[in-house]
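Let's take a walk through a protein model together. Keep the 3D view open and turn it around as you read.

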Amino acid sequence: MKQRDKKGISPIITTISLILIVIVLATIISLWGFAFIPEALTKGETAIASRCSEVGFDAVRDGGDILVSNTRNVAIYRFDILKNGRDSSDTSQGEALNLNPSSSGTITGLNLNGIGSIILVPVLLGETDSGKIQEYPCRENSNSWKTINL
C-alpha cells in the first residue's frame, strides 16, 4: 500500500494559534469585566463615602422654602429631598446650592401641601481617578440625613 501525502497544520502553528485565541478571549473578558468595577470617587484625598460622616447642616422651614446652613467643613453641592406624605412618598432633586463651609442657602419651589415630613439627603461632589466630577448622595447610615417635620 502506498501512503498518501497528508498535509495539515504543523503542531507549532496550531499551538501558537491556540495561545493567540486564549489571549484575545482573556482580553475581551477582562475589558468587559472592568466595566462593572466603579472608579474610586474622592473628595480631596479622602474617599467620598467617609466624608459624608463629616457633613453637618441645619435646616428650618420658612413658608414653602427650606433655609439650610452648612455647619461643618465639607462643601455640600445640593440636596435630594424625600417627601413623606400622609398617603404617598416622593423623591426629588433639589437645585444646586454649592454650600461651602459656614455658608447658607435656600431650597425653593417645594410643594409641601399634604406632606408630613421631608428628609434632606446631602449630595457631595467628588472626583474620579480619571478627573471626572460626579455627584454622590450620602447614605442613610452616615448620620448626615436631616428630617424636618411639617
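What follows moves from a strand pair to the core, and then to a disulfide and a helix residue.

Some ground rules come with this predicted model: local features need pLDDT of at least 70, side-chain atom pairs count only at pLDDT 80 or more, and totals for chains, interfaces and linings use all residues. Residues are numbered from 1 along each chain as its sequence is written, and side-chain values use heavy atoms, with hydrogens and water left out.

Start with strand β4 (65-70). Helices (H or I, at least four residues) and strands (E, at least two) are DSSP runs, numbered from the N terminus. β4 pairs with β3 in the antiparallel sense over 6 bridges; two strands pair if DSSP finds at least two bridges between them. Across this pairing, Arg61 stands opposite Ile66 in β4. The two strands make a hairpin with 2 residues between them, and Gly63 in the turn has a positive phi of about 70 degrees. β4 is also joined by 4 bridges to β7 (residues 104-107), again antiparallel, with Ser69 opposite Ser104 in β7.

Now look at the faces of β4. Ile66, Val68 and Asn70 sit on its covered face, while Asp65, Leu67 and Ser69 make up the uncovered one.

Two of those names come back in the core. Ile66 and Val68, along with Phe79, Ile107 and Leu120, touch the most other members of the largest nonpolar core, which has 24 residues. Such a core is a set of buried Ala, Val, Leu, Ile, Met, Phe, Trp, Tyr and Cys residues joined through side-chain atoms within 4.5 Å. Its largest share, 4 residues, comes from β8. In soluble globular proteins, nonpolar side chains tend to be buried together. Leaving aside neighbours within four places in sequence, Phe79 is in contact (heavy atoms within 4.5 Å) with residues including Val68, Ile107 and Leu120.

Where is the disulfide? Cys52 and Cys138 form it, with sulfur atoms 2.1 Å apart; the cut-off for a disulfide is 2.5 Å. The torsion about their S-S bond is about -80 degrees, so the disulfide is left-handed. Because Cys52 lies in the loop between α2 and β3 and Cys138 in the loop between β9 and β10, the pair ties together parts that are 86 residues apart in sequence. Both cysteines are buried, where buried means under 20% relative accessible area, exposed over 50%, and partly exposed in between (1.4 Å probe, protein chains only).

Finally, find Arg51 in helix α2. Is Arg51 buried or exposed? Its relative accessibility is 16%, so Arg51 counts as buried.
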